[in-house]
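I opened this notebook to record what I looked up in the structure. My entries begin with the sheet and then turn to the aromatic rings.

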Amino acid sequence: MWIFSILHQHKLLLAWTGRLHKPASVSRVGSQFASHHVSAALLSPEDRSINPVVKRRHKPAASDGWQHGERSVQSKTWKKEIPVLQRPNQRRRDDSRVSSELRKLCLEDFPAERERPARQKKSTLDSRAQDYEIVFGIAPCLLALTQGRRKARKLFVKDGESSHRASVLQVCEEAHRRGVQVHRVSKKELDTMSSGRVHQGVCLQASPLGYLTEDSATKGKDNNPPLWLVLEGIQDPMNLGAILRSAYFLGVDRVSSSVQHSCPLSPVVSKASSGVMEVMGVYGHENLEEMLRSKVAHGWQVVGTVGAGAEEAHIPVTQCSDFHMTEPTLLLMGGEGEGLSRGLLSLCQTLLTIPAGRELFPGIESLNVSVATGILLHSLLVSRRSTR
């Protein structure tokens, strides 16, 4: 009787063991799906575009009945797991923890996310920046500080090894000497300040420069007759900067310009002039004709320019190399394309030309206004020295 009881219990154990074997395997499969559900639920809305990769274990071949049983147990497992995963407090906590890590790892795949901190970063320039402009380049910034014609506020220097160059250190020392704040910023910020132009690692926030209006008498240097350069309608800031640089180098006594239809004295002009604009003042006139008539009445001669081979009625045309400057002179230069206006041409007593060194093709018979100005100024100033 005791032996029969033991055999009966052994058969019952074998039967129960066979029934429990399949659900145990299904439980493992269900846990795999549950783990996949956890990973998907913890992704933030921005990160759900990333398809999580789930490594699935190799499943042994099974009969249709076994697959049906697996789906049945899987469905039950999902029903049990979903309420747990959708607990609000737990999901928000896990969401912030995991999604931040994923965002760090996936910055290269999401440029919008990478750019967001830069847009939210507080601007280096404060709310009073509209009262100032950005001077860029080593020479313009240094001369703007030393000449004192501008009110300098902040100096921005590119952070890194380039800030240790002697020229950059000189600008920083001058700013420190004058009590100007020095800030180290990134190249990207300097590029933004200078609108993508060549800043050489330094930008200066300073008050703008304008045309001078004071009309004080100017005498020539070393008792020589003075030479004034008068510009009408120069619109390209690069041309204006190059003209100012040549005028300063060659020794022009004054530069005057029409205010209307002319480019302003901007930081671009200062950079193109290599900082000469910070040293040499430019006088602005609303009415150039009135100023010229006043000078003619005081014994000045007005010299205009014309293309090679051109002739103006009743106005003598002379090659620049043949002209000798013996009295106070106003040299007029017209703007790009149009040249001098009829009103100013009518006030000229002589027209100068620059002879070409070869036969010219149609359409390229003239020089750039800044180049022509340099040649004419050199010719006039050489002739002034030769008549001492």
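I took two strands as paired if DSSP finds at least two bridges between them. Helices (H or I, at least four residues) and strands (E, at least two) are DSSP runs, numbered from the N terminus. The model is predicted: local features need pLDDT of at least 70, side-chain atom pairs count only at pLDDT 80 or more, and totals for chains, interfaces and linings use all residues. Residues are numbered from 1 along each chain as its sequence is written, and side-chain values use heavy atoms, with hydrogens and water left out.

Entry on the sheet. I found strand β5 (residues 227–232) joined to strand β10 (residues 329–334) by six bridges, the two running parallel. Within this pairing, I noted E232 opposite G334 in β10. I then traced the open sheet of seven strands, which has parallel pairing and the order β7-β6-β5-β10-β8-β11-β9. β7 (282–285) and β9 (317–319) are at the edges with a single partner strand each, so one side of each has no neighbour in the sheet.

Entry on the rings. I searched the whole structure for aromatic pairs (ring centres of Phe, Tyr and Trp, its six-membered ring, within 6.5 Å; planes under 30 degrees apart are stacked, over 60 edge-to-face, the rest tilted), and one turned up. The ring centres of W228 and W300 are 4.8 Å apart with planes at 55°, so the pair is tilted. W228 belongs to strand β5 and W300 to the loop between α11 (288–297) and β8, 72 residues apart.
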